[in-house]
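Take a first look at the model shown here. Keep the sequence beside it as you read.

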Amino acid sequence: MASTSRFTTAAIACLAISGSSDAFTTSIPGKSVVKPFRNPTNLYVDGPKDGTTVTSARKEIGYDAKSGRFFETDIDKEDCIPEDEYCVVDDETGDMVRLTLEEKERIFLDALQSYHFNGRQLLNDAEFDLLKEDLSWNGSSLVNMNRKETQYLSAVQDYLKGKPSLSDSEFDQLKAELQEEGSQFASSKEPRCYIDTGICKVTYQPDNFRSNLLYLPVGAILSIVWLGIGFEIIEPLIRINPLILAALGAPLIYNGSVSITEQFIFPNNKIVYGPCPACENETRVYFGDILGVEGFGDVASVKCTKCKAAINVQKKSLRASTLPKDD
């Protein structure tokens, strides 16, 4: 009886321990009470599907997957948005017209030069600020003037006010430096015509390629003479590569071709080109003499091959202009 009571007591103790702890209980399969974590941004990782539209009471907005941007479906790609960019109004239809970057830069340059040179305001302050902001967002370098360009425009404006800030020589030197740097403020590559005088003006550019070709004949002759003399004199003494021989004579050939060409064949040579101020036909002008025959000096008077307009081109400033129309 004693052993039976001890066995019963041990069994009751084991049941009590197993009831108070779940360490030895088997897991019951079923749904987990804790919900798995889900990143709420997964819904927007891939973006909306192409062609997805959101319609409101006033307009419809669509999504373009290729560009990754939303757009108004009732606005064509060629339509101009005056709130976001500079637009012009079509005189015939009255619609807003979108301009290219080159057209916007041309309008900006015309407005700036007209204000500083002639004192005329082509655009009001709001339009000018919108155009400048539009060019800045499009990455145009025209809106960022350097120190020389600012000084040049200020000198022109001071001269028009009757209080010149630079002398004539200083102004000419500053303008020449800007033209050499290719500044669009000191040179106009597009023709401009004035209604009151009928004169059309444009700035030509140096034709460096054709100017360098003038030295080619003398350079070729001197190269042949140098190689011939080198083979006749040096070859019997030492064998030398023709390329090395030509490289050794390159300084003499260069200086000789420049000296002979500029002193005897094409003295004071300069070739310029640009559009005709009247019809924009490409025109080239040669300044200088040819084998003793006198050519154009400081001013060249030529006629356009297309419209037959008389053009005067200045050698120093490269300024080309037509003659005033007869009343």
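This is a predicted model: local features need pLDDT of at least 70, side-chain atom pairs count only at pLDDT 80 or more; totals for chains, interfaces and linings use all residues.

Residues are numbered from 1 along each chain as its sequence is written, and side-chain values use heavy atoms, with hydrogens and water left out.

Start at helix α3, residues 125–137. Helices here are DSSP runs of H or I with at least four residues, strands are runs of E with at least two, and both are numbered from the N terminus.

Leu131, Asp134 and Leu135 of α3 are buried. Seen down the axis, the buried residues fall within an arc of 95°, so they line one face of the helix. The arc is taken from the directions between the helix axis and the C-beta atoms. Asp125, Ala126 and Trp137 are exposed, on the face turned away from the buried side. Buried means under 20% relative accessible area, exposed over 50%, and partly exposed in between, with a 1.4 Å probe and protein chains only.

Now look at the ends of α3. Asn124 caps the N-terminal end, with a side-chain oxygen 3.3 Å from the backbone nitrogen of Ala126. Just after the helix, Gly139 takes a positive phi of about 80°.

Next come the strands. Two strands pair if DSSP finds at least two bridges between them. Three strands form an open sheet in the order β8-β9-β10, with antiparallel pairing. β8 (205–206) and β10 (282–287) each have a single partner strand, so one side of each is left without a neighbour in the sheet. Six bridges link β9, residues 270–275, to β10. Lys270 has Phe287 in β10 as its bridge partner.

Further along, β11 (residues 299–303) and β12 run antiparallel, joined by five bridges. They form a hairpin with six residues between them, and Lys308 in the turn has a positive phi of about 65°.

β12 also pairs with β13 (residues 319–322), antiparallel, over three bridges. Four residues separate the strands of this hairpin, where Leu318 takes a positive phi near 60°.

Which residue of β12 stands opposite Ser301? That residue is Asn312. In β13, the bridge partner of Asn312 is Ser321.

Note on methods: The expected span of a helix is 1.5 Å times one less than its number of residues. A polar contact is a pair of N or O atoms within 3.5 Å; within protein, one must be able to donate a hydrogen and the other to accept it, and residues adjacent in sequence count only if both atoms are side-chain atoms.
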